[in-house]
Amino acid sequence: MNVITCIAPVNIAVIKYWGKRDESLILPTNDSISATLDTDQLHAKTTVMISQDFKEDCIWLNGREEDIKNPRLQNCLKEIRKRSQLSGNMNDWKIHICSKNNFPTAAGLASSAAGYACLAAALAKLYRIEGDISVIARSGSGSACRSVMGGFVRWYMGFDKYGTDSLAKQIVPASHWPEMRILVLVVSDEQKKVPSAIGMKRSLETSELLQHRIMHTVPERANKIQQAIVEKNFKTFAELTMKDSNEMHATCLDTYPPCVYMNDISNSIVNLIHSYNDAVNDVKVAYTFDAGSNATLYLLEKDVSAVVGVLDYFFPPLENAENLEYKRGLPINASEPSQNLLEKLNLRKHPPGQLKYMIYTKVGDGPKYFVNPEDHLLDGQGNPINYP
Ligand code: PMV
């Protein structure tokens, strides 16, 4: 088969990657840990095809032809062709790549992670590559290396200057903690953000807090959260997740000039989660923020209904929310908060529409391959299907 199609998941870090020790090889300054989200709700899908008839390498992303010379893409292709097990001159055949996400790019969900993991998984199969493929995904986008596996995943920073030991490894599969759930809250925000690659570089050059984070906080915290995941200790998991998000964003503020990713709504969500945990006298929900204003909440299935009820109360959707598909992903039955809880929370209700929508999902498996030719995004001639 000279054509392969697969889907790959999004991942959301609980111990954040922020800082590169080598920019061109994409080697991080600290380990990071994430959960892989279920591809049933969110995924990138990619078809790769090689043929002796193709005149040149081409790529289409979300319906548009893009520049194949993109250096990160070239890194992936170089790495693949180096490790290829294809016989004869097939290695020199040109490639067509077509990829799309099943979620809006505007959701700010690090779509590059799912995209590059999907590309690495598809290419590895096409070129019959054995062994670790996280290194190939990493050469496209750092956090992508954590999306080539399911469950909870740790990306080891490694120490080799060529990056041979900077790999992602699974901590536990998705089935280990089946009660774990994820709620992505997409915050309305028009603000233009500093791209993460630029933010990281600036932090490394100017933030003393980042040095503290690299040397002291993360090495200890990564081991502790890994243990909490293995032991399914939600309270410890949640506390460390929130602390790590806070430290990453504190580092961004300590950067000069500062990188501000969270906005007032993000901060109100933080406030609400702490008030809720205090009111129920337990740690039931954790928040985490990437390089943007959207919140990702980690919580257990049994608490989802109550938490969404509280979110609906304090961040009411717009009147026409049903038309806008306000609640996406797995079905949610929100329960109305009691008067007693509302009194304990004692917070301000926001005007409708501060959250654009929410996506409810769970921890899932790594990339999946398709065997049915109908699933390909390229036709027999290597042209994108359904695209003008
Ligand atoms: O892989 P990048 O360059 O998109 O960086 C992602 C960095 C964060 O999302 C902020 C943190 C992480 O570990 O995913």
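In the predicted model, strand β10, which spans residues 152-155, pairs with β11 in the antiparallel sense over four bridges. Within this pairing, Phe152 has Val172 of β11 as its bridge partner. Both strands belong to an open sheet of four strands, arranged in the order β2-β5-β10-β11 with antiparallel pairing. In general, the strands of a sheet pair through backbone hydrogen bonds, in either a parallel or an antiparallel manner.

Helix α6, comprising residues 234-254, lies across β2 and β10. The helix runs at about 95° to β2.

A further site examined is Ser203, a residue of helix α4 (residues 196-206). Ser203 counts as buried because its relative accessibility is 0%, and the cut-off for a buried residue is under 20%. When neighbours within four places in sequence are left aside, the residues in contact with Ser203 are Trp18, Leu210, Thr251 and Thr255. With Trp18, the interaction includes a polar contact of 2.9 Å between the side chains of the two residues. Thr251, another of the residues in contact with Ser203, falls within the range 234-254 of helix α6.

How values were computed
Residues numbered from 1 in each chain as written. Predicted model: local features only at pLDDT ≥ 70, side-chain atom pairs only at ≥ 80, totals over all residues. Heavy atoms only, no water. Helix = DSSP H or I, 4+ residues; strand = E, 2+ residues; numbered from the N terminus. Buried < 20%, exposed > 50% of the residue type's maximum accessible area, 1.4 Å probe, protein only. Polar contact = N/O pair within 3.5 Å; in protein donor to acceptor, adjacent residues only side chain to side chain. Contact = heavy atoms within 4.5 Å. Pairing = 2+ DSSP bridges. Axes fitted to C-alpha atoms, helices over the stretch in contact; angles between N-to-C directions.
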